[in-house]
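Keep the viewer open beside the text and follow along from sheet to core.

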Amino acid sequence: MKKFEIIFAACLAIALIAPSGCSENVQAKTTAKPAAKDKVKTPPKTLTLDLPKGVKMKLVLIPAGEFMMGGKFSPAESAKKFGGKDIHYASEHPRHKVTISKPFYIGVFELTQAQWETVMDSKPYDGKMVTKIGPDLPASWMQWREAIEYCDKLSKKIERKVALPTEAQWEYACRAGSETAFCYGDDPKKIGEYGWLGSNMIDNQKNKTYARKGGLRKPNAWGLYDMHGNVWEWCRDWYSKDFYASGKKVDPVCDKEAKTVVARGGSWYNDPIHLRSAARNSWTGPKYRHYNYGFRVIVEVE
Ligand SMILES: [Ca+2]
């Protein structure tokens, strides 16, 4: 028997005995229904992981949904607005609708050195050029495969599935509902408010440029910091320039081995062109390591 039939039958039965009591009883029934709904588990909006040695990691819930992946402007328009040549933007097309079918947690900040060391017991950035050392500074200088190894090790330690974001998850999280070149709009002159890039290093001296602590610039609408700039962020996908045309459109990930892998978001060394939400780093191989490459993790919702 459907809900309204139950309610109707109850009203009818009560009306026969005490007509004035009907609405009150219906009210009692309808207010009882949400209690059953409450039993459906809603994931918390934030997640704090307890890593070994008292180190924490803050993540935020990204809802499932659809978004337009890729560049909003044609390659020719992008070249006019942001510089470079048309060919630099070709892999951001065709722009296409992508479905992210499941919610997931993603790091609020790029992975820090403390978070790296407590899992990997190593310091790949130690003693390296233009790299500042400190527990809250981004971990860098790891290869793509080592970033995956980090995720696998952390998964075992915390008994939850930890991974690099797919390229689609990364862009979805970076856009946070926006369809513009950057999470706030299209104006490259404002990018310094949201990210560290070549033109806004505070000291602007060769020996004082380095990746900065997370959270010093504005977050995007979903509360994520440094999606634009600071360090490039490794994604799970192998790079394919044709993937937007040929790949699947629900939870896409390019797992076909290629010469290079995907990194996103640009870095403190780069110009605004590379910090755009749609920009794809196509030139780094899986064994590459450098001062401006790091990552952030995602954690599956249980
Ligand atoms: Ca970044």
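## The open sheet

Five strands line up in an open sheet, in the order S1-S2-S5-S11-S6, and their pairing is antiparallel. At its edges are S1 (46-50) and S6 (162-163), each of which pairs on one side only. Strands here are DSSP E runs of at least two residues and helices are H or I runs of at least four, both numbered from the N terminus; two strands count as paired if DSSP finds at least two bridges between them.

## About the model

This is a predicted model, in which local features need pLDDT of at least 70 and side-chain atom pairs count only at pLDDT 80 or more, while totals for chains, interfaces and linings use all residues. Residues are numbered from 1 along each chain as its sequence is written.

The chain holds eight helices and eleven strands. Of its 302 residues, 38% are buried, meaning that 20 or more other C-beta atoms lie within 10 Å of the residue's own, with C-beta atoms placed from the backbone. Taking contacts between residues at least 6 apart in sequence, 71% join residues at least 24 apart; a contact requires C-beta atoms, placed from the backbone, within 7 Å.

## A strand covered on both faces

In a regular strand the side chains alternate between the two faces of the sheet. Strand S8 (residues 261-264) has both faces covered: Val261 and Ala263 are buried on one side, Val262 and Arg264 on the other.

S8 also has two antiparallel partners to trace. Three bridges link S8 with S7 (residues 232-238), where Trp234 stands opposite Ala263. Another three bridges link S8 with S9 (residues 280-284), and Val261 stands opposite Thr284 there.

## Trp234 and the core

Which residues touch the most other members of the largest nonpolar core? They are Ile106, Ala147, Ala173 and Trp234, in a core of 63 residues. Such a core is a set of buried Ala, Val, Leu, Ile, Met, Phe, Trp, Tyr and Cys residues joined through C-beta atoms within 7 Å.

Leaving aside residues up to four places away in sequence, Trp234 touches Trp144, Ala147, Leu164, Val261, Ala263, Tyr293 and Phe295.

## Helix H4

Helix H4 (residues 113-120) has Gln113, Gln115, Trp116, Glu117 and Val119 as its buried residues. Their cover includes strand S2 (56-62) and helix H5 (144-158). Just after H4, Asp121 adopts a positive phi of about 55 degrees.

Key:
Buried ≥ 20, exposed ≤ 12 C-beta atoms within 10 Å, placed from the backbone. Contact = placed C-beta atoms within 7 Å.
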